[in-house]
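Take a look at the chain below. We will walk through a sheet, then a helix, then a ligand.

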Amino acid sequence: MSHPTDPTPQVVVTDFIPEPLDIERHILGDFAQVTAIGAQSSSELDGRIESADALLVYHFVSIGRDVIERLERCKIIVRCGAGYDNVDHEFARQRGVVVANVPDYGTEDVADAAIALTLSLARGTHRLSHLCQRGTDNWTYELAVPLRRIRGRVFGILGIGRIGTAAALRAKALGYDVVFYDPYVTDGRDKSLGIRRAHSLEELLSQAHVFSCHCLLSDETRHLINCDSIDLMPEGSLLINTARGAVVDPLAVLKGLENGRLAGAGIDVLEREPPADDHPLICAWRDPNHPAHDRLILTPHSAFYSEEGLEDMRRKGSENVRRVLLGEPPRNVVN
Ligand code: NAI
């Protein structure tokens with residue numbers, strides 16, 4: 001890292017993206033020096049970020065008050081991702097440092113993942129493959145019984161933001177009757193998307209053959225989907241969570257699968273990742289004699305991922321840094 005009085009702007013990629021920083025240098029290299037630290041924890045930033053003009057931050061490090069206090073001339077911290085809870089954005093604001101995120105890099109990928117989980121459960125593909133793998137004695141369609149046609153079934157969406165909207169369009173194209181609940185969206189979203197609006201969570205739950213979570217995690221949404229809410233769903237419904245683990249109580253999912261209220265669940269996000277090996281939901285999922293074994297699909301918080309999404313994250317983050325260092329207004333400011 002150069003001296004703070006060096007006129008060449010310094011951009012530091014703190015973690016996750018190693019050399020070669022081809023995308024970052026393509027966007028910033030004509031006027032800035034770009035360096036990767038590859039830190040696994042915040043302590044590895046000591047002595048390496050102090051004279052940075054901009055930070056590109058991923059998810060391995062926390063940019064807390066102690067780090068921000070040491071920044072001598074930083075103008076912008078971009079959290080290259082959607083969630084920005086690993087940056088003390090409030091304190092950064094007090095110090096005049098802009099914090100921005102890259103909210104849309106995975107919008108389509110997460111929606112595609114939610115639909116992939118839905119289709120696999122609704123058509124029984126995951127379960128049928130599992131059952132057939134165990135033996136060929138009963139190699140008939142009857143393994144899938146009962147299975148209902150998708151057209152006309154209700155696809156319920158909790159939170160009609162970027163990803164919820166993308167999921168709605170996909171579900172609609174499949175023939176689902178799409179209904180959403182989102183108390184923070186003004187009237188008319190239902191009309192512009194050609195879907196229906198539920199005016200309460202209960203109204204949505206009571207009709208959702210598929211219930212797909214796409215809301216933010218907040219005090220209000222923590223364990224919003226619990227035993228009581230799953231009990232309101234029609235018998236044999238599907239629950240999909242690609243939002244944040246804590247929106248859904250995992251023990252309620254287990255109970256729902258055991259008592260048949262849920263015919264299946266597709267879960268990409270858990271409160272603790274990776275989960276504890278002795279968590280009851282994980283034990284049930286690994287037990288070939290438990291209904292969760294074939295009816296629960298777990299993926300390792302991978303819904304966001306595609307090569308193109310990763311590129312978007314890096315490119316959009318770097319473009320925002322470029323804007324600010326050249327005196328233009330930043331985009332996607334979160335503080
Ligand atoms: P967004 O901010 O565009 O949409 C969130 C929506 O949730 C908003 O419309 C908001 O009004 C709504 N909402 C907030 N509180 C609600 C409540 N109590 N009930 C119903 N709706 C409520 O966010 P975006 O980008 O669509 O992300 C959605 C979720 O997906 C977030 O939880 C995000 O963390 C998660 N996500 C998951 C990824 C993965 O890899 N699994 C990757 C990226 C995002």
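**From the sheet to the ligand**

This model is predicted. Begin with the open sheet: its 5 strands pair in parallel and follow the order 2-1-3-4-5. Now look at the edges. Strand 2 (33-36) and strand 5 (98-101) stand there, and each has a single partner strand. One side of each is therefore left without a neighbour in the sheet. The sheet also twists, by an average of 15° from one strand to the next.

Zoom in on one pair. Pick out V11: its bridge partner in strand 2 is V34.

Next comes a helix. Helix 13 (residues 307-325) lies across strand 1, strand 3 (54-57), strand 4 (76-79) and strand 5. Helix 13 runs at about 165° to strand 4.

Now turn to the ligand. There are 25 residues around the ligand, and R162, I163, D182, C215 and T242 come nearest. What classes make up this shell? It holds 14 nonpolar, 6 polar and 5 charged residues.

From C215, a backbone N or O atom lies 2.7 Å from an oxygen atom of the ligand. D268 uses its side chain: an N or O atom there is 3.0 Å from a nitrogen atom of the ligand. In H301, a polar side-chain atom lies 3.5 Å from a ligand oxygen atom. How much of the ligand does the protein cover? On its own, the ligand has 870 Å² of accessible area, and the protein covers 89% of that.

Terms used
Residues are numbered from 1 along each chain as its sequence is written. This is a predicted model: local features need pLDDT of at least 70, side-chain atom pairs count only at pLDDT 80 or more; totals for chains, interfaces and linings use all residues. Side-chain values use heavy atoms; hydrogens and water are left out. A residue is near a molecule or strand if one of its heavy atoms lies within 4 Å of it. A polar contact is a pair of N or O atoms within 3.5 Å; within protein, one must be able to donate a hydrogen and the other to accept it, and residues adjacent in sequence count only if both atoms are side-chain atoms. Accessible areas come from the Shrake-Rupley method with a 1.4 Å probe; for residues, only the protein chains shown count as cover. Ala, Val, Leu, Ile, Met, Phe, Trp, Tyr, Cys and Pro count as nonpolar, Asp, Glu, Lys and Arg as charged, and the others, Gly among them, as polar. Two strands pair if DSSP finds at least two bridges between them. Helices (H or I, at least four residues) and strands (E, at least two) are DSSP runs, numbered from the N terminus. Axes are lines fitted to C-alpha atoms, for helices over the stretch in contact, and angles run from 0 to 180 degrees between N-to-C directions. Contact means heavy atoms within 4.5 Å.
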